[in-house]
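Colleague: I am new to this structure and would like to go through it slowly. Could we take it by question and answer?

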Amino acid sequence: CINTHFTSSVDLSTSLDSSVQTRIFKIIVIGDSNVGKTCLTFRFTGGSFPEKTEATIGVDFREKAVEIEGEKIKVQVWDTAGQERFRKSMVEHYYRNVHAVVFVYDVTKMASFQNLKTWIQECNGHRVSSTVPRVLVGNKCDLVNQIQVPSNTALKFADAHNMLLFETSAKDPKESQNVDSIFMCLACRLKAQKSLLYRDVEREDGRVRLSQETDVNKSNCPC
Ligand SMILES: Nc1nc2c(ncn2[C@@H]2O[C@H](COP(=O)(O)OP(=O)(O)OP(=O)(O)O)[C@@H](O)[C@H]2O)c(=O)[nH]1
Ligand SMILES: [Mg+2]
């Protein structure tokens, strides 16, 4: 499990549904066009592989309600466009108040791995805090005979950028748990991190009382 301690607090006030007190975690999925961002997000939120996809224009929102240690959380996945012409007007919105970032490359396309540098630069250029967790996902592992990006190369890159690496396939049903664990792992990390702010929220005299910091190592992180 991840032993990192997250000590900084991030303002989640815009992400708390005040009527039902459900926290919303905004996770953006970034990477070249055609790497499978739409298929991965669909697999996580809808549980299946879409028969046919078209290039994403702007952004598609997908949500999934999950429960972590008894708390209901909404994971809001932002499936972004990889094609420059379909994303340029949206980029500011992608990164605004983002809670976690998933960088995706295609294991059968070296260029999509090499371009990760540019995607990371874009992310850094939008003042995304270093406390915002980031993970790396190599997709299309079902195409075993076409793999161009060796696992150890990807692992080195992930280590150098302080990211966890997941190699998986949105297409292969046997990998669906692995796809889920990408997002659940991030949700668990965020829950532990944001517990600084909204864990055990209690209303007292119309005011919200916040509990003390909890130990991230006590969470039931699945990864
Ligand atoms: N074999 C295989 N094909 C996949 C996998 N994931 C996606 N694909 C295929 O890759 C193509 C692109 O998938 P998308 O999910 O639309 O790609 P995208 O990253 O969302 O692309 P943009 O929206 O243009 O940024 C489609 O033809 C998918 O069927 C996978 O895990 N294995
Ligand atoms: Mg797409």
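Modeller: Before the pocket, a definition: on a 1 Å grid over the protein atoms alone, a pocket is an open set of points where a 1.4 Å probe fits, with protein on both sides within 12 Å along at least five of seven lines, and lining residues have an atom within 4 Å of a point. Grid points are joined across faces, edges and corners, and a volume is the space filled by probe spheres set on the points. This is a predicted model, in which local features need pLDDT of at least 70 and side-chain atom pairs count only at pLDDT 80 or more, while totals for chains, interfaces and linings use all residues. Residues are numbered from 1 along each chain as its sequence is written, chains are lettered from A and ligands numbered from 1 in the order in which they are written, and side-chain values use heavy atoms, with hydrogens and water left out.

Colleague: How much space lies in the largest pocket?

Modeller: Residues that line the largest pocket number 27, and Asn 34, Val 35, Gly 36, Cys 39 and Thr 53 are the closest to its centre. Helix α1 gives the largest share of the lining, 3 residues, where helices (H or I, at least four residues) and strands (E, at least two) are DSSP runs numbered from the N terminus. The space in this pocket is about 410 Å³.

Colleague: Which residues are the protein donors of the magnesium ion (ligand 2)?

Modeller: Donors are N, O and S atoms within 2.8 Å of the metal (3.2 Å for Na, K and Ca), and water is not among the atoms, so sites may look incomplete. Here the donor atoms are both OG1, lying 2.0 Å from the ion, and they belong to Thr 38 and Thr 56.

Colleague: Are Thr 38 and Thr 56 buried or exposed?

Modeller: Buried means under 20% relative accessible area, exposed over 50%, and partly exposed in between, with a 1.4 Å probe and protein chains only. By that rule, Thr 38 and Thr 56 are each buried.

Colleague: Which residues does Phe 44 touch, not counting residues up to four places away in sequence?

Modeller: Phe 44 lies in helix α1 and is buried, with a relative accessible area of 1%. Contact means heavy atoms within 4.5 Å. On that basis the residues touched by Phe 44 are Lys 64, Val 66, Val 75, Val 77, Val 179, Asp 180, Phe 183 and Met 184.

Colleague: What separates the C-alpha atoms of Ala 100 and Ala 187?

Modeller: Ala 100 lies in strand β5 and counts as buried, at 0% relative accessibility. Although Ala 100 and Ala 187 are 87 residues apart along the chain, the separation of their C-alpha atoms is 8.6 Å.

Colleague: Which residues are exposed on the other side of α6?

Modeller: In helix α6 (residues 151–160), the residues Ala 154, Phe 157 and Ala 158 are buried. They are on the same side of α6 because they cover an arc of only 100 degrees around the axis, the arc being that of the directions from the helix axis to the C-beta atoms. The exposed residues on the other side of α6 are Asn 152, Lys 156, Asp 159 and Ala 160.
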